[in-house]
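Me: I have a structure open and want to learn how to read it. Can we go through some features together?

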Amino acid sequence: QWGLRTNWLGKSIIHKEVTTSTQHIAHQVAQENAEHGTVIIADEQTNGKGRMNRHWYSTRGKGIWLSIILRPTILPYLAPQLTLLTACVLADVINKETKTNSKIKWPNDILINGRKIAGILTEMQAEQDQIQYVVIGMGINVNHTENDLPGDIQEKATSLLLESKERVNLKNLIQQILVTFEQEYDAYIKDGFSKVKKKWESHSFKIGENVQITTLKNQWTATFSGIAEDGALLITNDNGEIEKLYSAQIDWFHS
Ligand code: BTN
């Protein structure tokens, strides 16, 4: 049905017209031993999940709502690298398949013209120093018109159709994402993170620019200095000190 040109990714695909959340299904089948590379796709999610417990709008047939089950042989603390790898894949494929220029905003938002086009949610089940499985969920707004975007996100979200003025074939985009993901993942397992890191930095907002950092406790400005090996954000504070942040909200002063 999908005619996928991959070696292992999506050999098993679970497709639902409607489901609560593909993340939810992924956890269920992963606990029942679903194999590495199992993909769950929904046309519509009634309870799509975003990061930090936020809701993720998943309008029927308008976007890609997809989760991948992985069983990587890496240490649990390195799992955020997979999120960064996924962000690279999405930015790569979006830029190749559409006339848009998407950028990654740390840690894992994909933006076009300053508005969010896609998000990634990585969840992991680990015991001690071993990953049982990782679920990587990705949501991409594809063929939404202005009216398809709920009022409360219209300001900050967009779709590929709105940005490129062209409808995108969902199946083709899924195909490209899975093929590219498989290539990048295989390269990452073989060669490590350094190439992913370079690619990520080339897709991200520019290193050396000023950003506003907001954490639970504080808000301040600093210089964006790239990412660390473990996926943490590197910033340089006004006093020249380099700081590693694992959880913060970043805002760019330009778009
Ligand atoms: C975010 O930016 O907050 C992450 C959004 C992730 C949304 C995707 S859609 C497919 C998968 N299933 C979910 O319920 N969430 C992820």
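Me: Which way do strand 10 and strand 11 run, and how many bridges join them?
Reply: For two paired strands, look at direction and count bridges. This is a predicted model. Here strand 10 and strand 11 (residues 242-245) are antiparallel, with four bridges.

Me: What do strand 10 and strand 11 form, and which Gly in the turn has a positive phi?
Reply: Look at the link, then at its backbone angles. Strand 10 and strand 11 make a hairpin, with five residues between them. Gly240 sits in that turn, with a positive phi of about 90°.

Me: How many bridges join strand 9 to strand 10?
Reply: Now go to the other partner. Strand 9 (residues 219-227) is joined to strand 10 by four bridges, and the two run antiparallel. Ile227 is opposite Leu233 of strand 10. These strands also form a hairpin with five residues between them. In its turn, Gly231 has a positive phi of about 90°.

Me: Which residues of strand 10 lie on the covered face, and which on the uncovered one?
Reply: Sort the strand's residues by face. In strand 10 (residues 233-236), Leu233 and Ile235 are on the covered face. Leu234 and Thr236 are on the uncovered face.

Definitions and conventions. Residues are numbered from 1 along each chain as its sequence is written. This is a predicted model: local features need pLDDT of at least 70, side-chain atom pairs count only at pLDDT 80 or more; totals for chains, interfaces and linings use all residues. A residue is buried if 20 or more other C-beta atoms lie within 10 Å of its own, exposed if 12 or fewer, and partly exposed in between; C-beta atoms are placed from the backbone. Two strands pair if DSSP finds at least two bridges between them.
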